[in-house]
Amino acid sequence: MPASVSAAVTGADTAPAHEAGTIATGSVPVAMVLPKTSESPELLRIRHSMSHVLAMAVQKLFPRAQVTIGPWTESGFYYDFDAPDPFTEADLKAIKKEMVRIIGKKLPLERLEVNRQDAEDRIRGQNEPYKLEILAGLQDPITLYTLGEEWWDLCAGPHVANTSELNPKAFELESVAGAYWRGDEKNAQLQRIYGTAWQTPEQLAEYKRRKEEALRRDHRRIGTDLDLFSIEDEAGAGLVFWHPRGARMRLLIEDYWRAAHFEDGYELLYTPHVADIDLWKTSGHLDFYRESMFGPMEVDGREFQLKPMNCPFHVLTYASRLRSYRELPIRWAELGTVYRYERPGVMHGLMRVRGFTQDDAHVFCLPEQIGDEILRVLNLTERILSTFDFRHYEIHLSTRPESSIGEDAVWDLATQGLIEALDRKGWSYKIDAGGGAFYGPKIDLKIEDAIGRLWQCSTIQLDFNLPERFDLEYVAADGTRRRPIMIHRAIFGSLERFFGIMTENYAGDFPFWLAAEQIRLLPVTDDVRPWAEALQTQLAAAGVRASVDRSGDRLGKLIRTGEQQKIPVLAVIGEREAEAGGASLRSRREGDLGLAPASALIQAAVAANQARAAGLAIKGAVGSATATLQAP
RNA sequence: GCCGGUGUAGCUCAGUGGUAGAGCAACUGAUUCGUAAUCAGUAGGUCGCAGGUUCAAAUCCAGUCACCGGCUCCA
């Protein structure tokens, strides 16, 4: 079975494409195809040419700006300049205007093949030191592209033949950003101008719509709107406060995670948050990971270190007594909270934080168990991720890098184990040759979300280093002491980050089983409120998270509020329902479910929770209940 | 850390040197209402923080913290 079953199941296709205030109806219409640059030779030429037009416009308006490089990106293009004064947003408008003017002049773009000396002379004539550096790295033949009479750039092409092929209504300059010459922060800081360009204004409009869609799904915004979590200035950047609704959801995720691990033969550990700094010396983290760690603290004359990783603790637990080969494989998991120093400016909502909880696990096994254990991890990973409607993966296998530790035979065995497991699982993967860690090969898994973005979450890494450093052993059948194989693995990666990705995937429309508030009971009048309260009590007793809206507002307002808060099921209770002993159900996913008796509602909700279902399955409620009860 | 931008009420935002504003949310009262906003009223801010300039600073200046878009890095 291929890894990518279908993205259509991710729930997001049926997610409402609307502002928080409009009703969810049906699916997002099949949108216009917006090819990536690498998929469209036409767009590639347009975007590449557009970056030349950009550079020409900039040099026209800012003669002191020096050009560097200006490639296409998958959705547009950019150009890096070394300019004495920073570009402002206002400058972008002027630059865009100039670009429109250049395009309007219908300038030809011509490819010229020149010899190295000619190229160098031309560059020297214009005082463009970066170009000179680029030239030095080029192979013959040297080509350049002219843009009209006045401007040219070293470039391999391809380009459009004439700026008349560029649509001045189908491009946009998007932002200014700092970037480093050749991507190295030790080099000069350049100013990068990003733009996007399309064949038609309609494509540009669709591109903008998708950007807005991503904005609508932004977990930071949804987190605030639905009161799930916050990050407090006074506490510090990158530290997450889980509010009751977010905390309840996290608890549901954790409970599910724990249950799945117990079922799959794991035991759970709890380990400390700090430890003597010597532990980190032994593990090697102090040497190789220091810049990512919170500084040490002194207690009783000893230095303690806040943990950036859980591995050494699991290793110590293993080493706490002598192990037999009969015990292996040992599978230990922990929701371990770690703290890592992140540089200012890199924090991002829940996606990049300084304190987070890893769903970490370590498997200690015999060499011959590697294949089975990896396969087992792959199966568990698929099981857990698909519960959150992530069913489409991109998998990378990373092999031995040049500088690494360990014997060839062990590397081969381990790498073969990973390959064998992937093949047995039937998953296709890309090989990242030499991309493994210095201590072992690994499998990384990226999940695709509802709008096609890839996120790396799961990782499975073999480790030949820590068992060595901590001198881990087991007693083999022949009585000799041997070194166990150690596998690190995480499925969510970080609970915080996964929560953010999941929130964006569902656009805040969480499945029934996961919603903090699953059912909201809406009394039409005060007279029926006691019945609503009674039903709420029954639901709560059955483990269903229901509440009664006591605001006293009119039904229309109650519905509106409930929908804005994305409550999966709104249950209207008026006189009819009170008499019938039920509620009229309005589901975000299933629409109007009609009047259901209390017993049916409770039963369906309990069943949905057990099955971790996205919605309620109420059989026959619509027809029978409403028909009979409305008759008199 | 770097480049650019932004910090004003819970949220979205207006306010460019002279008494801090709006909408929504919240709270109180009236209304007892049938599937996306009933009406009226009340309360809420040392304008991110700490300095400076000024008779006077949300507003000008330098600093700092945080956030946003990127770069670099990364779970």
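Of the 632 residues in chain A, 51% count as buried, where buried means under 20% relative accessible area, exposed means over 50%, and partly exposed is anything in between (1.4 Å probe, protein chains only). This is a predicted model, with local features needing pLDDT of at least 70, side-chain atom pairs counting only at pLDDT 80 or more, and totals for chains, interfaces and linings using all residues; side-chain values use heavy atoms, leaving out hydrogens and water. Residue numbers run from 1 along each chain as its sequence is written, while chains are lettered from A and ligands numbered from 1 in the order in which they are written.

Along the principal axes, its C-alpha atoms fill a box of roughly 90 × 80 × 55 Å. Take the contacts (heavy atoms within 4.5 Å) between residues at least 6 apart in sequence: 71% of them join residues at least 24 apart. On the charge side, there are 74 positive and 90 negative side chains, and the centres of the two sets sit 3 Å apart. Here Lys and Arg are positive, Asp and Glu negative, and His and the chain ends are not counted; each charge is placed at NZ of Lys, CZ of Arg, CG of Asp or CD of Glu.

**The protein around RNA strand B.** There are 55 residues around RNA strand B, and Q189, P344, R352, D526 and E577 come nearest. A residue gets onto that list if one of its heavy atoms lies within 4 Å of the strand. Of the atoms of RNA strand B that come within 4 Å of the protein, 47% belong to sugar and phosphate.

R220 puts a polar side-chain atom 2.6 Å from a phosphate oxygen of RNA strand B, and K557 has one 3.0 Å from a phosphate oxygen. For R497, the partner is a sugar or linking oxygen, at 3.1 Å. Elements giving two or more residues to the surface near RNA strand B include β7 (189-197), α6 (219-225) and α17 (575-580). The biggest contributor is α16, with seven residues.

**R520 in strand β23.** R520 lies in β23 (residues 519-523) and counts as buried because its relative accessibility is 7%. Its side chain makes a polar contact with that of E517, at 2.7 Å. A polar contact is a pair of N or O atoms within 3.5 Å; within protein, one must be able to donate a hydrogen and the other to accept it, and residues adjacent in sequence count only if both atoms are side-chain atoms. Leaving out residues up to four places away in sequence, R520 touches a set that includes R245, D549, T561 and L570.

**H261 in helix α7.** H261 belongs to α7 (residues 244-263), and its 0% relative accessibility is why it counts as buried. The side chains of H261 and R489 make a polar contact at 2.9 Å. Beyond its neighbours within four places in sequence, H261 is in contact with Y266, A333, L380, I384, R489 and I491.

**L316 in helix α10.** L316 is found in α10 (residues 311-318); at 40% relative accessibility, it counts as partly exposed. Residues up to four places away aside, L316 touches L279 and F470. L316 and F470 are 154 residues apart along the chain, yet their C-alpha atoms are separated by 7.9 Å.

Conventions:
Helices (H or I, at least four residues) and strands (E, at least two) are DSSP runs, numbered from the N terminus.
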